[in-house]
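Thanks, everyone. I have one model to go through this morning, and I will take it region by region.

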Amino acid sequence: MIIRSVEAVPVRLPLREPVSDSWGTYRSSNHGIVIVRDDSGEYGAGEIAFAWFGGAHALCKEVNERWAPRLIGRRVGDIAGCCMLMDEFCAFSKRHLLAKAGVEMALWDLWGKRLGLPVYQLLGGKLRDTVPLTGGVSMGTIETMVETACRKVAEGYKELKLKVGLDDKTDLETVRRIRLAIPDSISLRVDANMAWRDVKQAKRIVDEMAQYGVRIVEQPLHADLLQELAWLRRHTEALILIDEGVWDAGDARRNLEAGAADMLHVYISEAGGIRESRRIFELAGLFHQDCTIGSMPEGKIGAAASAHVAAAMPNLSRYASDIRGFTGYAEDVTVEELPIIDGELHVPDRPGLGVTIDWDRLNKLKANA
């Protein structure tokens, strides 16, 4: 099983509806589809998805020019060696983790296909068939957010994730109105995306939101404010979920050692791939902490990779993960659907990542890139 070609194809995935958070509003998302072929002609697929909806196309160019020539000739199953090579031949930055993840996903997919095994088996076995997901409520007017929350509950989601962070008064009123509009059995979390300026503001808002049943607060403060996050964690009832503060295992260690997190939100893309994501889970386990998985804005290939990690990790939190970004796209590049039933994602069982490329769709979306 020798690598014969590596190609990163830039595509643009159109969104069903514009998506807003405290960073801005987006109508499409730039991605890269990584295709690795071996000497049998079989291929593996991976995905480069930029965390804030841009830049993936430039990363495709770097994969094709810097990494592809050096990966050709290596063994498909030598994932650690391939990752070391990618680390060596790049002007390393956090954004390169996204490109590395796309290539590494494709290697896992190809290796699993050649062995006839789903990736979760290569990670130690499947511990769960489904993964509970949050129902996402993007920023909008109060009325729109309440309407979205009710629709997500009707679709079967048991936990809602509300984007907040633009205006304190509006955020609190939105949480109050949503709490009144949905059953008490539905859990609430909010995601501030580092928007609150200091720990005093964060504590005041978190304490008020707790009155309406907000159980989890995602990244309330800037990622560098570890001591403030640790203080907030000790002095509020809500659980602090670290998101922007955790890309790779080094970030995870800093947050865990500082006592800044009740849970870590792990992104397979931001971590640099499946292998590094597993390291974060294992590190969190040493601190007796659980993790959830994020998957925004990955399409179906990235979501499939996330699902396999979720299926195999012992300390996946009982609270919901976010592997649902793919549902927001009007078009994607895979043949298969990833079913979400009653708010739970069903893990693919076919060899590799369990999804295959629709070449006509890929060419169509590439033409629009």
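This is a predicted model: local features need pLDDT of at least 70, side-chain atom pairs count only at pLDDT 80 or more; totals for chains, interfaces and linings use all residues.

β12 pairs with strand β13, residues 344-346, in the antiparallel sense, over two bridges. Within that pairing, I340 stands opposite L345 in β13.

Is N315 buried or exposed? Its relative accessibility is 13%, so N315 counts as buried, the cut-off being under 20%. What does its side chain reach? The side chain of N315 comes to 2.9 Å from the backbone oxygen of F281. F281 is also among the contacts of N315 beyond four places in sequence, together with A284, G285, Q289, D290 and C291.

Next, two residues with positive phi. M194 is not a glycine, yet its phi is near 70°. It lies in the loop between β7, 187-191, and α7, 199-210. With 18% relative accessibility, M194 counts as buried. Q219 is the other one: phi is positive at about 40°, and again the residue is not a glycine. Q219 sits in the loop between β8, 214-218, and α8, 226-235. Its relative accessibility is 0%, so Q219 counts as buried.

Now helix α1, residues 56-71, which contains V63. V63 has a relative accessible area of 1% and is therefore buried. Which residues does V63 touch, if we leave out those up to four places away in sequence? They are V6, A8, I48, A68, A99 and V103. As for distance across the model, V63 and L283 are 220 residues apart in sequence, and their C-alpha atoms are 29 Å apart in space.

Last, the surface. M1, L115 and L117 make a nonpolar surface patch of about 230 Å². Of these, L117 lies in the loop between α3, 94-115, and α4, 119-122. L117 has a relative accessibility of 34%, so it counts as partly exposed.

That is what I have. I'll take questions now.

Methods:
Residues are numbered from 1 along each chain as its sequence is written. Side-chain values use heavy atoms; hydrogens and water are left out. Buried means under 20% relative accessible area, exposed over 50%, partly exposed in between (1.4 Å probe, protein chains only). A polar contact is a pair of N or O atoms within 3.5 Å; within protein, one must be able to donate a hydrogen and the other to accept it, and residues adjacent in sequence count only if both atoms are side-chain atoms. Contact means heavy atoms within 4.5 Å. Patches are made of residues with over 30% relative accessible area and no salt bridge: like charges are joined within 9 Å, nonpolar side chains (Val, Leu, Ile, Met, Phe, Trp, Tyr) within 5 Å. Accessible areas come from the Shrake-Rupley method with a 1.4 Å probe; for residues, only the protein chains shown count as cover. A salt bridge is a side-chain nitrogen of Lys or Arg within 4 Å of a carboxyl oxygen of Asp or Glu. Helices (H or I, at least four residues) and strands (E, at least two) are DSSP runs, numbered from the N terminus. Two strands pair if DSSP finds at least two bridges between them.
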